[in-house]
Amino acid sequence: MAPSSEAASRRRQTRLRREYLYRKSLEGRESHTYEQKRIVREALAAGRTLPTEVRASYDRLKREIDLEDDKTSAALTHVDDEYGDAGLEDPRVCVTTSRDPSSRLKQFAKEVKLLVPNAVRINRGSNRVEDLISSCKEAEYTDVVVVQETRGEPDGIVVCHLPLGPTAFFNVSGAVLRHDLPGGAAPMSEAYPHVIMNNFNSEIGRRVGNILKCLFPVPRPDTRRIVTFSNDNDFISFRHHMYSRTGREEVQLHEVGPRFEMRLYQIRLGTLEQKDAENEYVLRPYQNTAKKRQVL
């Protein structure tokens with residue numbers, strides 16, 4: 001890329017990031033306004049007297065309510081900027097590894113690439129994180145998935161949404177590759193899978209579910225490939241299956257693999273190279289002993 005176009009691309013990314021942070025800073029003010037509108041709507045619908053806290057601004061709020069439609073009547077958040085185009089176009093995912101990967105991590109990255117449609121696996125080489133993310137933005141990838149290891153065993157996955165973020169960091173444990181599955185793995189299909197998100201009930205849980213499911217494109221209704229993320233006590237179990245019909249109302253599951261367990265430990269409101277970006281969620285050490293507290 002020519003130096004002038006590279007500088008223009010960098011300026012554009014800086015401008016987009018600045019606009020995103022500005023819109024996020026307005027969320028508190030806008031949420032207060034939408035709450036006042038909700039109070040006015042409920043009072044008018046029930047024929048009640050207006051509460052004292054909204055009487056002074058009733059005329060302005062009533063004018064805004066009259067101009068709203070179904071799309072603008074709901075409060076928008078920074079999530080709408082990050083995933084505003086989700087479902088309109090198929091995501092393009094780049095899968096890579098940490099530096100100097102072992103053969104097992106390379107195989108794990110290959111299988112992650114196969115289970116995510118439209119994914120491309122690239123060799124990390126000696127590229128820095130800043131160069132990696134910059135190249136993926138220029139190539140118009142929607143997400144970057146980085147798999148990590150300790151002593152040859154996969155122990156981490158980072159999912160970075162482009163171009164604005166967020167970036168989710170997961171611990172990985174119990175990874176079983178396809179050739180290690182008991183009884184062997186079923187053949188890998190390239191069909192777009194149905195994505196099942198089980199037991200993501202909290203606000204952070206829905207946020208994590210949104211980050212994960214937006215890696216996958218919209219499937220055909222009759223596809224027989226299933227990807228499952230099941231949350232149990234903040235540990236996310238990943239499974240990958242195909243199914244076949246054995247009767248009129250009976251189906252049989254065939255595990256395709258890989259399988260592994262994940263645990264979220266950080267969500268950062270920025271891309272992977274932005275170390276100083278605001279944290280939306282961080283797993284604190286004292287939370288490990290709070291057995292009654294479930295984040296997802």
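In this predicted model, 41% of the 296 residues of the protein chain count as buried. The chain exposes about 17,100 Å², and carbon and sulfur atoms supply 48% of that area. Its secondary structure consists of 8 helices and 11 strands. Among contacts with a separation of 6 or more, 65% are made by residues 24 or more positions apart.

In soluble globular proteins, nonpolar side chains tend to be buried together. Here, the largest nonpolar core holds 38 residues, and the members that touch the most others are Phe108, Phe170, Val208, Phe229 and Leu264. Helix 6, spanning residues 103–115, contributes the largest share of this core, with 5 residues.

Helix 7 (residues 129–138) shows how burial can follow the geometry of a helix. Its residues Leu132, Ile133, Cys136 and Lys137 are buried. Viewed down the helix axis, the buried residues of helix 7 fall within an arc of 130°, so they line one face. The spacing makes sense, because an α-helix has 3.6 residues a turn and residues three or four places apart point the same way.

Among the strands, strand 8 (residues 235–245) and strand 9 (residues 251–255) run antiparallel and are joined by 5 bridges. Together they form a hairpin, with 5 residues between them. Within this pairing, tyrosine 243 has leucine 253 of strand 9 as its bridge partner.

Finally, some backbone details deserve a look. Most residues other than glycine have a negative phi, and most peptide bonds are trans. Two residues depart from the phi pattern. Asparagine 118, in the loop between helix 6 and strand 2 (119–121), has a positive phi near 65° and is partly exposed, at 36% relative accessibility. Glutamate 140 also has a positive phi near 65°; this residue lies in the loop between helix 7 and strand 3 (143–150) and is exposed, with a relative accessible area of 62%.

One joins leucine 162 and proline 163, with omega about 5°, and another runs from glycine 165 to proline 166, with omega near 10°. Proline 163 sits in the loop between strand 4 (153–161) and strand 5 (167–176), and proline 166 is also found in the loop between strand 4 and strand 5.

Note on methods:
Residues numbered from 1 in each chain as written. Predicted model: local features only at pLDDT ≥ 70, side-chain atom pairs only at ≥ 80, totals over all residues. Heavy atoms only, no water. Core = buried A, V, L, I, M, F, W, Y, C linked by side-chain atoms within 4.5 Å. Buried < 20%, exposed > 50% of the residue type's maximum accessible area, 1.4 Å probe, protein only. Helix = DSSP H or I, 4+ residues; strand = E, 2+ residues; numbered from the N terminus. Contact = heavy atoms within 4.5 Å. Areas by Shrake-Rupley, 256 points an atom, 1.4 Å probe, with all protein chains shown as cover. Pairing = 2+ DSSP bridges. Arc of directions from axis to C-beta.
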